[in-house]
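Open the model in your viewer and keep the selection tool ready. The stops below take you from a loop to strands and then to a pocket.

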Amino acid sequence: MWTWCQTRTRATPAASIAEALKVDFQKLILFTGLALVLVLIWQAWVEHNAAPVAVMTSQIAAQTGQSQTIAVNTEDVPSAPTTANTNTNTNTNTNTAVTGIPKPTLTSLPTGDIVVVETDLIRAVIDSYGGDLRRLELLTYPEKLENPDEPFRLLNEEGADLFVIQGGLLGTQGELPNHHTRYVADQHNYYLSPAADRVEAILRWQSPDGVGYRKVYTFYRNSYYIDIRYEIDNATATAWQGFLYNQILRTKVEQKSSGLGFFGRLPSYTGGVIYTPEDKYQKIDFDDMYDENLARNTPSGWVAMLQHYFVGALLPRGSSAYEFYSTVTARDSQPHYHIGYKSVEPTVVPAGRQGSLNARLFVGPKEQKRLTEENQQLELTVDYGWLTPISSPLFWLLTYIHRTVQNWGVSIILLTLLVKLVFYPLSAASYKSMAKMKNLQPRMKTLKERFGDDKQKFQQAMMEVYKKEKINPLGSCLPIVIQIPVFISLYWVLLESVELRQAPFMLWIKDLSVQDPYYVLPLLMGASMFGQTILNPTPVDPMQKNIMLAMPVMFTIFFLWFPAGLVLYWLVNNLLSIGQQWVITRKIAASGG
């Protein structure tokens, strides 16, 4: 490439070089766009054909009535820290045996008595075996729009797709309760009364050495935050010492189709993440956990498991230092991934006294106004990628508009108008350049006929015309390049923001986060792109001309399965561009320029 550039530089005048660069740059944009479309179509086709395999696996497991098995041994419970290694920072988890932890054999996920807790937002199921949070349904988020009475189940203990929150206490002396302990529930049903702002579910266990334990879940009104409190009644003659741990159990299962038809699943991350003050936000995906156990010491932070629109997060409480860890069990069958944290500084309860250890969870939708309540950067779980600095302000502006108009579709239209106003000076300059170039098409055609196949002389003559008419050939490309990051940022806003999940617009558009069921918006968008092509100057190069005519067709096909909200943005942007370009073109033509 460098040799080619040097050759062109020696053999071509400066004006011709600029035109060559302009032509090559336009070709690069066109070919890159076309290649991107083809790559995404191929990737989606591969994912679409792979998805039924995972779905079929889940269906077979459900039909046979066989729950997934899990190797319940010391790998399933983190090792208890000691004062000797409190300040160490290792790279792997040693999985050392812990005194007093039972070692059950290979079996299905054990169950005990069921405790159901229902608030205004969630319905949770706690199992007395381990005191695990086994199931959690979001009452205000339907599974499907057509079944509004069927709530979305975020936590799940059935089938192949496991998502369970476990926890307990660790120690090196005596027997402490962990997520294999059989608790006794005070009662089996709890409901948040209209006059209350919280409800507590209580589990009890008495150790053989005389220490009494209570595991208390606290659920709040209008909240997805859940507090867990371990109360220790040390009735013995010696001091009690222990550590707290909480972890998420998850299996890796391909997600079902998200409603994007041929394109299968949305490109949203599913897996573990951690946040520490030192390393900030970091993804720990299933492959990372399978290859190497995580062991990261930190003074604070949080651990979470993400999926599209929803999150389960473990939020340590108090000033104790912690170790974030991960382990994988049942490697020979369907791997079970555990990611969590444990305190590395012991809690001491003197003889004859009482004490407690506290933790907090967030299990629910990634609503940004709720994620910011704890001021722990939990809002980073709404992953806009490397364009977060642009996506976050766009989402804030979109939300601000929605507060006024109370319709996400109208909010997208108004946001598009505001973005268009911001880029108006650049767009106006671009359209003026294209209008002048379009007026020069007859002269360009004459020059093409005059010089025939002599591209060098043709380019030189064309650049002389541009110079005389004060036209910048690259002026029509720059605004498009600058607006690409804005479009991609809005793309991630519309895909990642749970606020737009199942959000209606009008008429047949009942959900802006999925495709238009009748493909009306994509077809209108394709027509608007074709209208823009007509207004643009026709390329002299036949290949460029054919590509420009093919692009509206290709993008229409591609956008058939895009979320309706994103297609709406693109359509409105095209219509505003057509209006702006038409007005400017008429003014240029009327002035004879």
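Select Ser513 in the loop between α10 (478-496) and α11 (520-535). Helices here are DSSP runs of H or I with at least four residues, strands are E runs of at least two, and both are numbered from the N terminus. This is a predicted model, where local features need pLDDT of at least 70, side-chain atom pairs count only at pLDDT 80 or more, and totals for chains, interfaces and linings use all residues. Residues are numbered from 1 along each chain as its sequence is written, and side-chain values use heavy atoms, with hydrogens and water left out.

Is Ser513 buried or exposed? Ser513 is buried, at a relative accessible area of 6%. Buried means under 20%, exposed over 50%, and partly exposed in between, using a 1.4 Å probe and protein chains only. Beyond four places in sequence, Ser513 is in contact (heavy atoms within 4.5 Å) with Tyr309, Leu500, Arg501, Gln502 and Pro563.

Next, go to Thr218 in strand β11 (residues 211-220). Thr218 is buried, with a relative accessible area of 3%. Its side chain makes a polar contact of 3.4 Å with that of Glu200. Leaving aside neighbours within four places in sequence, the residues in contact with Thr218 include Arg198, Val199, Tyr225 and Arg229.

Move to strand β7 (residues 163-170), where eight of eight residues are buried. β7 runs antiparallel to strand β13 (residues 240-251), and eight bridges join them. Strands pair if DSSP finds at least two bridges between them. Pick Gly168 and look across to Tyr245 in β13, which stands opposite.

Last stop: the second largest pocket, with about 540 Å³ of space. A pocket is an open set of points on a 1 Å grid over the protein atoms alone, where a 1.4 Å probe fits, with protein on both sides within 12 Å along at least five of seven lines; lining residues have an atom within 4 Å of a point. The volume is the space filled by probe spheres set on the points. Of its 19 lining residues, select those closest to the centre: Glu367, Lys369, Thr399, Trp408 and Glu499. Then colour α5 (388-405), which gives the most to the lining, with six residues.

Conventions:
A polar contact is a pair of N or O atoms within 3.5 Å; within protein, one must be able to donate a hydrogen and the other to accept it, and residues adjacent in sequence count only if both atoms are side-chain atoms.
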